[in-house]
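The chain is shown first.

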Amino acid sequence: MSFTTAPSSAPSPAAVLPGGRSDLVIVGAGIVGLAHAFEAARRGLTVTVVERDWQPVGASVRNFGHCCITAQRDDLLELAYRSRAGWLEAAKSSGLWAREAGALVVARSATELAVLEELREERGPDTVQLRTREEVAGALGRDADGGDIVGGAFLPDDLRVNPREAAPDLAAWLSIQPGVTVVWGTNVTGVEEGTVHTSRGPVHGDRILVCVGHDLDRLYPTAAEEHGIERCRLTMARVTAPDAFRTDAAILTATSMLRYDAFTATPAAARLREEVTGHSPELLDVVANVMFTRLPDGTVLVGDSHFYGRTEIPFVDEPTSRLLLAATADVLGAGELHVTERWQGVYASSARGPLLVRDMAPGVRATSVTSGIGMTLSFGLAAATFDESLAATA
């Protein structure tokens with residue numbers, strides 16, 4: 001499937017409403033769809049984005065706002081770095097908040113520190129910068145002794161964005177660009193070569209991208225089933241930050257090191273899993289990733305647990321919420337955290353691989369990130385799509 005179609009002359013916005021034709025029609029205004037719209041517009045293509053809701057409300061706004069660059073491996077690492085460049089370009093163009101704040105991985109045992117030391121040995125001291133216990137404690141706003149902290153590592157290449165605003169701000173900016181139309185509140189009922197059928201009538205495009213994440217099964221149930229796509233539900237909260245906690249860096253912990261490929265590939269990772277199983281089996285029972293990020297307003301996003309199934313059950317388990325809050329407070333050396341919001345995150349997940357890229361018909365491609373790194377990979381995927389370095393899979 002080629003995405004190198006020569007751009008047409010950009011029509012007025014009114015001419016790109018349903019019934020008109022664009023070089024590219026994108027189904028879904030989550031961050032993956034919007035990143036592709038940004039890349040297409042940057043290359044001079046006309047674009048129509050069709051979204052069933054009236055604003056982004058899915059996985060793209062329910063996460064930590066952490067672009068987890070350094071913790072990827074192999075092909076995903078390359079995509080992540082391409083995405084980093086894309087995020088910064090989008091921030092420069094649209095004004096959305098993106099901070100080169102990095103990530104701080106907290107080590108609270110010799111085994112945890114060994115994982116970080118081994119990753120530093122692989123990636124180099126500029127990419128993985130070891131920190132002393134005093135430096136880590138200072139970043140967290142804790143007393144100088146840091147309690148049980150033994151050290152950590154700073155990952156300077158990681159990015160922070162505001163998940164509440166990044167996708168909405170990018171969509172708003174795109175909607176006023178020449179040749180770009182974002183159509184809200186419009187349900188897609190079917191897709192075929194050259195045409196997206198919607199509740200407001202047909203939208204025509206030379207190329208069509210379906211970027212609907214975990215909702216792929218609504219349009220292509222067989223493809224979703226063949227890839228083993230499930231919905232991963234996350235227990236998350238926003239809390240008032242302790243006064244001394246001010247860093248914009250994402251904070252990762254031992255459970256984070258058990259989730260991301262760069263950490264799990266280290267020799268010490270197996271020992272770390274045994275260690276966490278011994279002292280905190282309840283965190284592994286809920287597949288926890290105890291991490292947190294500070295929003296520009298000073299509040300902190302806290303999470304998360306992972307539960308998997310075909311359907312997104314709406315209920316949030318209070319014991320799980322309390323477990324994650326207590327684990328976060330323990331890392332911060334703080335008392336009980338004050339919760340201002342709770343919600344359930346969701347994203348597409350598959351045990352068969354982190355990406356689904358599949359040509360569904362001539363000129364029609366479905367792209368879903370089937371792991372928890374959609375924010376991380378979004379702009380890299382878009383760049384790879386348009387330079388055709390991302391091959392479709394069966």
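A salt bridge is counted here where a side-chain nitrogen of Lys or Arg lies within 4 Å of a carboxyl oxygen of Asp or Glu. By that criterion, the structure holds 25 salt bridges. The model is a predicted one.

## Salt bridges

Arg73 and Glu122 meet through their side chains in a salt bridge, at 3.0 Å from N to O. Arg73 sits in the loop between β3 (66-67) and α2 (74-94) and Glu122 in helix α3, so the pair ties together parts that are 49 residues apart in sequence. With a relative accessibility of 25%, Arg73 counts as partly exposed; Glu122, at 41%, also counts as partly exposed.

A second pair is formed by Asp248 and Arg99, whose closest N and O atoms are 2.7 Å apart. This pair links distant parts of the chain, 149 residues apart: Asp248 is in the loop between β13 and β14 (250-252), and Arg99 is in strand β4 (residues 98-99). Asp248 is buried because its relative accessible area, 17%, falls under 20%. Arg99 has a relative accessible area of 36% and is partly exposed.

In the salt bridge between Asp297 and Arg238, the closest N and O atoms are 3.5 Å apart. Asp297 is exposed, with a relative accessible area of 53%, whereas Arg238 is buried at 15%.

Salt bridges also join into a network, which links Arg52, Asp53, Asp215, Asp217, Arg218 and Arg231.

## Cavities

How many cavities of 30 Å³ or more does the structure hold? There are 2. The largest cavity contains about 40 Å³ of space. Its lining is made up of Thr235, Met236, Ala237, Val302, Gly303, Ser321, Leu324, Leu325 and Arg342. Two or more lining residues come from each of β13 (230-239), β16 (300-303) and α12 (318-332). By class, the lining of the largest cavity has 5 nonpolar, 3 polar and 1 charged residues.

## The second largest pocket

The second largest pocket holds about 310 Å³ of space. It is lined by 19 residues, and those nearest its centre are Arg108, His279, Ser280, Leu283 and Asp330. The elements giving two or more residues to this lining are α8, α10, α11 and α12. Of these, α12 gives the most, with 4 residues. The lining of the second largest pocket divides into 8 nonpolar, 5 polar and 6 charged residues.

## Helix α10

Which residues of helix α10 (residues 269-279) are buried? They are Ala269, Leu272 and Val276. Viewed down the axis of α10, these buried residues fall within an arc of 50°, so they line one face of the helix. They pack against α3 (110-123), α8 (254-257), α9 (261-264) and α11 (281-285). On the face of α10 turned away from the buried side are the exposed residues Ala270, Glu274 and Gly278.

## Ser349

Ser349 is located in strand β18 (residues 339-349). Its relative accessibility is 11%, and Ser349 therefore counts as buried. Leaving aside residues up to four places away in sequence, Ser349 touches Gly228, Ile229, Glu230, Cys232, Tyr308, Thr370 and Ser371.

How values were computed. Residues are numbered from 1 along each chain as its sequence is written. This is a predicted model: local features need pLDDT of at least 70, side-chain atom pairs count only at pLDDT 80 or more; totals for chains, interfaces and linings use all residues. Side-chain values use heavy atoms; hydrogens and water are left out. On a 1 Å grid over the protein atoms alone, a cavity is a set of points where a 1.4 Å probe fits but cannot get out, and a pocket is an open set with protein on both sides within 12 Å along at least five of seven lines; lining residues have an atom within 4 Å of a point. Grid points are joined across faces, edges and corners, and a volume is the space filled by probe spheres set on the points. Ala, Val, Leu, Ile, Met, Phe, Trp, Tyr, Cys and Pro count as nonpolar, Asp, Glu, Lys and Arg as charged, and the others, Gly among them, as polar. Buried means under 20% relative accessible area, exposed over 50%, partly exposed in between (1.4 Å probe, protein chains only). Contact means heavy atoms within 4.5 Å. The arc is that of the directions from the helix axis to the C-beta atoms.
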